[in-house]
Amino acid sequence: MTWEVGENLVKSILEKAPYAEGKVRRERRLEFKVPAERIREFLMIMKEHNFPLMLQITAVDWPKEGEIELVYHLMNIELGTHAMVKTRIPRDLDKAKMPTVRDLYPAAETYERDVHDFFGVYFEGNEKMEMPWILDDPEQGLYPHRKDFDMLGYVKKKYKILDRFDENKDRYVI
């Protein structure tokens, strides 16, 4: 199945961003892959192509690849079209950095803080990155959505109710 409107839109965007890959996943769903160092430039192009709304920034931890994938979800209201803009960055905490895009999409401020709290990605230029957000744990460096995060160990340490988390039990209630 082809969606001609989407195919033309992807073609127009890629003409301005030849460094990116793009395709129509299905009707009203577009997907792009962009090098991390070009994400701001690409999002500006998306705005020019009538994607004024940022729905969310999500992340996926790929420990075997040593990367974190960031997915910027954008919406073209006029066409009712959702675009996912994907990029990958190194997983190491000292290298897991991206420039903020909150000047392009003000809603990004919240989503960048979410990704920082749960995955440890630092968005340079977002002044609120250091402020407490969702997680109030005083321990720094704990990112609970990373796949190597020891949730059971954390719960045992944090809540100190060890009998509920006996490792000999088949099921845990957390």
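**Close-up views of a predicted protein chain**

From the N terminus on, the elements of this protein chain run α-β-β-α-β-β-β-β-α-β-α. That comes to 4 helices and 7 strands, where helices (H or I, at least four residues) and strands (E, at least two) are DSSP runs, numbered from the N terminus. Keep in mind that this is a predicted model, so local features need pLDDT of at least 70 and side-chain atom pairs count only at pLDDT 80 or more, while totals for chains, interfaces and linings use all residues. Residues are numbered from 1 along each chain as its sequence is written, and side-chain values use heavy atoms, with hydrogens and water left out.

**View 1. The whole chain, before zooming in.**
Of the 174 residues, 41% count as buried. Here, buried means under 20% relative accessible area, exposed means over 50%, and partly exposed is in between (1.4 Å probe, protein chains only). Now for contacts, meaning heavy atoms within 4.5 Å. Among the contacts with a separation of 6 or more, 49% are between residues 24 or more positions apart.

**View 2. The largest nonpolar core.**
A nonpolar core is a set of buried Ala, Val, Leu, Ile, Met, Phe, Trp, Tyr and Cys residues joined through side-chain atoms within 4.5 Å. The largest one here has 41 residues, and F32, F42, L70, Y72 and V121 have the most contacts inside it. Elements giving two or more residues to this core are α1 (4–16), β2, α2, β3 (53–62), β4 (67–76), β5 and α3 (108–119). In soluble globular proteins, nonpolar side chains tend to be buried together. Zoom in on Y72: not counting residues up to four places away in sequence, Y72 touches I39, L43, M54, Q56, I57, A83, M84, V85, T87, M98, V101 and F123.

**View 3. Two phenylalanine rings, F32 and F42.**
The structure holds 1 aromatic pair. Rings of Phe, Tyr and Trp (its six-membered ring) pair if their centres lie within 6.5 Å; planes under 30 degrees apart count as stacked, over 60 as edge-to-face and the rest as tilted. For F32 and F42, the ring centres are 5.2 Å apart and the planes stand at 55°, so this pair is tilted. Because F32 lies in strand β2 (residues 29–33) and F42 in helix α2 (residues 39–48), the pair ties together parts that are 10 residues apart in sequence. F32 counts as buried, at 0% relative accessibility, and F42 is buried with 0% as well.

**View 4. Helix α2 and its buried side.**
Look for I39, F42, L43, I45 and M46, which are buried in α2. They cover an arc of only 155° around the axis, so they sit on the same side of α2; the arc is that of the directions from the helix axis to the C-beta atoms. The buried residues of α2 pack against α1, β2, β4, β5 and β6. Just after α2 comes N50, with a positive phi of about 65°, although N50 is not a glycine. N50 belongs to the loop between α2 and β3 and is partly exposed, with a relative accessible area of 31%.

**View 5. Charges over rings.**
A charge sits over a ring if NZ of Lys or CZ of Arg is within 6 Å of the ring centre and within 35 degrees of the ring normal. R38 lies over the face of Y19, at 3.9 Å from the ring centre. Then there's K47, whose charged end sits over the ring of Y105, 4.8 Å from its centre.

W3 sits in the segment before α1 and counts as buried, at 10% relative accessibility. Leaving aside neighbours within four places in sequence, W3 is in contact with V24, R26, E27, R28, R29, L30 and T81. One of these, R28, lies in the loop between β1 (21–26) and β2. R28 has a positive phi, near 70°, in a residue other than glycine, and is partly exposed, with a relative accessible area of 36%.

**View 6. A buried arginine, R91.**
Find R91 in the loop between β5 (81–90) and β6 (97–99). R91 is buried, with a relative accessible area of 13%. A polar contact of 3.0 Å joins its side chain to that of D148. Such a contact is a pair of N or O atoms within 3.5 Å; within protein, one must be able to donate a hydrogen and the other to accept it, and residues adjacent in sequence count only if both atoms are side-chain atoms. Leaving aside neighbours within four places in sequence, the contacts of R91 include D61, W62, P63, R146 and K147.
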